[in-house]
Amino acid sequence: MNTPVVLKFGGSTFRTPEAYHELAEGLDERIRSEARPMAVVVSAMQGETERLRARLHEIDARPEAATAAGLLTTADLVSAHLLAGALHSRGRTATVLAGHQLGLTTNASFLWARVTRIDPRPLRRALAAYDVVVVPGGQAADAEGRPTWLGKNSSDLSALAVARAVGSRSCEIHSDVDGIYTSDPHLITGARMLPEVSYNMAALMSLYGAKVLHRRAVQLALRHRIEILLRFNRAPYTIGTTISGAGTQAAAVVLNQRSVVLDYPDEARADAAHHAFHLEGLDVVRLSTRPSVAVVGGYVDTEAVQLRHGVVPGREAGVPVAEMRGSKVTTHVAGSGTDALHLAQQLHDGLDFPVLPRTGTRVGVRAT
Ligand SMILES: Nc1ncnc2c1ncn2[C@@H]1O[C@H](COP(=O)(O)OP(=O)(O)O)[C@@H](O)[C@H]1O
Ligand SMILES: N[C@@H](CC(=O)OP(=O)(O)O)C(=O)O
């Protein structure tokens, strides 16, 4: 079997039902031009996961993690079946491998589960039998076969796990931006696309909350030297950024308005809090200049996590803004999301950039 192509399409791809047909058309073209098996990891339609979470909370204010994982993972599963349907309607064969069928085993930390084993056989069998194997992102199963969630925005991680399982040397991640920018291009004026980024730089940007890639996906890519290509999610599927060992460090400003800085009375208590968040598999940074941690990316009941680990909850001090110059990071703390946005713009205006192209290479869906 030729090495499979592994593609991931984020939730921003699926804003309307018609988007499934548009994507199926792009995939169909690519299958015609390249005789390679294809695994496509898809996320839920934009907003769907959070709609389900809100509905569950209306019914049960403190749901069990296993229940929440079982429900939230259905959002991506629906998306996967819609894409399979769109492919079928174009005459292509497609199957869906849900989390419990995929060969990914995790621990039983249902909402931020860690992958413990990857069995390539289910994927290989399916890839040999269908034109496209559609994989709903962000889901797996524990050793007892119960559904687990890999955490918020974790479809990228699924894509890298699939690439690893099937022996692909690259993984193509599609989003509503064509690459990694020096700051969030939807928020910061003058953000520039970075054509070549090192694994370390990408991981560091993700750790501080650049939403475009999941941190653990980058780590998995680094460990197995899988190149990540970031592409736009609609034709002509422009490739903007390549993440590899050859990529460089760069200057950037990372802002995620959902992140929060928590202050503690002393360094020891900040260390304990950092340890607690880390144990739960959450992205957390221990600030070096004050007894504080930054809990990155939101969607976490920070108080509940701290109490579970016997930590007296820290005081919410604001929103972190990370100023990165290569591997040197300075974390600033802004009072509110709006202040953070202004601060990020100011910091970005003050960055020195080498001369970089502003746009990605324009290539068709066939080129990789
Ligand atoms: N440095 C950055 N470079 C590119 N995009 C960024 C960056 N920081 C934040 N983003 C945001 O990440 C978003 C893409 O991630 P996400 O919303 O999870 O997309 P998808 O649903 O396609 O996975 C972009 O729309 C952009 O606003
Ligand atoms: N269900 C996931 C889907 C995901 O990973 O989203 P995206 O690829 O759009 O970041 C979530 O909402 O977290």
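**Exercise 1. Which handedness does the crossing of α2 with α3 have, right-handed or left-handed?**

Before starting, note that this is a predicted model, where local features need pLDDT of at least 70, side-chain atom pairs count only at pLDDT 80 or more, and totals for chains, interfaces and linings use all residues. Residues are numbered from 1 along each chain as its sequence is written, while chains are lettered from A and ligands numbered from 1 in the order in which they are written.

Solution. 
- Step 1: find helix α2 at residues 48-59 and helix α3 at residues 65-89. Helices (H or I, at least four residues) and strands (E, at least two) are DSSP runs, numbered from the N terminus.
- Step 2: look at the axes, which come within 8 Å and cross at roughly 145°. Axes are lines fitted to C-alpha atoms, for helices over the stretch in contact, and angles run from 0 to 180 degrees between N-to-C directions.
- Step 3: the crossing of α2 with α3 is right-handed. That word applies if the near helix is turned clockwise from the far one by less than a right angle, and left-handed if anticlockwise.
- Step 4: check who meets whom. Glu-48, Thr-49, Leu-52, Arg-53 and Leu-56 of α2 meet Ala-68, Leu-71, Leu-72, Thr-74 and Ala-75 of α3; contact means C-beta atoms, placed from the backbone, within 7 Å.
- Step 5: sort that contact, and you get six nonpolar, two polar and two charged residues. Ala, Val, Leu, Ile, Met, Phe, Trp, Tyr, Cys and Pro count as nonpolar, Asp, Glu, Lys and Arg as charged, and the others, Gly among them, as polar.

**Exercise 2. Describe what surrounds each ligand.**

Solution. 
- Step 1: around ligand 1 there are 18 residues, and Gly-10, Ser-12, Ser-175, Asp-184 and Val-212 come nearest. A residue is near if its C-beta atom, placed from the backbone, lies within 6 Å.
- Step 2: the shell of ligand 1 holds seven nonpolar, eight polar and three charged residues.
- Step 3: ligand 2 has 14 residues around it, with Gly-10, Gly-11, Ser-43, Thr-49 and Ser-155 the closest.
- Step 4: the ligand 2 shell splits into two nonpolar, 10 polar and two charged.

**Exercise 3. Work out how the two domains meet.**

Solution. 
- Step 1: the bounds, from an automatic or database domain assignment, are 5-248 for domain 1 and 254-349 for domain 2.
- Step 2: their C-alpha centres lie 26 Å apart, and the contact takes 22 residues from domain 1 and 20 residues from domain 2.
- Step 3: on the domain 1 side, helix α6 (residues 199-207) gives the most, with four residues.

Conventions
Two residues are in contact if their C-beta atoms, placed from the backbone, lie within 7 Å.
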